[in-house]
Amino acid sequence: MGFIGLYCFFVDKLSKGHVDEYYNKFTQEAGGLIIGISRANIGISPYVIEEELINIEKPIINFAINSYQSGFSEVYFNAIREKIKNRTNKGIFIISINPGNFSAFSNIDDDILTTDSNTILGKTKNVASNPNYNYIINNYSEPLYNAFYSRKPEHQISHNNGWNEIILYTEHDTITNNTIKYWKSLTIKRNIKRVNTDEKSQYRIDSFIKLIKFLKEEGHVFVIRIPADTDIIKFENDVWQGFDKEFDSITKKYNVPYFNYSNKSDEYKTYDGSHLESESAKKFTKQLSLDIKNYLKAKKYKN
């Protein structure tokens, strides 16, 4: 009993501080969601969306993780369904896509549900509890005595609404252009490696379509492609030729807009070639919010 009591004490203590970069995504219900993988996790700020758009269901939660944890699947679908509160049909649901959303290890489609069940989303049964002991017990892999020490990354702010903001300049350190170039080279190497280990997954595409159909009943759905470094976008387009055309066709079929910003790379800055740094993430989210606002206004006028 003493060990169990001590364990529970440490879990509770940890929940009151910084757990990890994904914990805050699992501590509240959502009026609207940002869905996708790491590019959305880092590149879209719920604060900006809530500031720019009125008469929408709040809060907006950034519920994107990364390509290994939140690929489109039955597991992600169930978690999204559990996150949505009230069901007022005023929700804003932003689904960020790029080729990484639809990849899986080669020849894994037959057993993909087992793989997805072992992700953070699969192991967390309660996706909207604060404190979320279930998340900590099933996903926290560091020693629990870390509850007494601050271990926040210096350049990353994990906001309560799930957004992981990457800042280039801190009081003690700067992410320099040379560091950005180096990290970009690592991103390219990882992408090349994934081409040899991953393949396009029809299961993930089908899950994406199922999600669109569900979310349309809950509010307004926007499928987007976030900008990244020109070389990264070119690499993705070379590997998956016709990606934008394919998904533009899918979104048209289900009558949801596809906002493709992949040709806007020169207007935004990444910290590693793939993910937007803080100021560019805010700037991009503001442009996205303006485009959403204009779309909804035009739709209301048309109706």
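Buried here means under 20% relative accessible area, exposed means over 50%, and partly exposed sits in between (1.4 Å probe, protein chains only). Keep in mind that this is a predicted model, where local features need pLDDT of at least 70, side-chain atom pairs count only at pLDDT 80 or more, and totals for chains, interfaces and linings use all residues. Residues are numbered from 1 along each chain as its sequence is written, and side-chain values use heavy atoms, leaving out hydrogens and water.

**Strand 3**
- Gly91, Phe93 and Ile95 point one way from strand 3, Ile92, Ile94 and Ser96 point the other way, and all are buried.
- With six of its six residues buried, strand 3 is largely enclosed by the rest of the structure.
- Strands are DSSP runs (E, at least two residues), as are helices (H or I, at least four), numbered from the N terminus.

**The sheet around it**
- Five strands make an open sheet in the order 2-1-3-8-9, with parallel pairing; a pair needs at least two DSSP bridges.
- Strand 2 (60-62) and strand 9 (258-260) are at the edges with a single partner strand each, so one side of each has no neighbour in the sheet.
- Strand 1 (residues 32-35) is joined to strand 3 (residues 91-96) by three bridges; leucine 33 partners phenylalanine 93, and isoleucine 35 partners isoleucine 95.
- Strand 3 runs parallel to strand 8 (residues 219-225) too, through six bridges, with glycine 91 opposite glycine 219.

**Out on the loop**
- Phenylalanine 148 lies in the loop between helix 7 (133-139) and strand 5 (156-158).
- At 46% relative accessibility, phenylalanine 148 counts as partly exposed.
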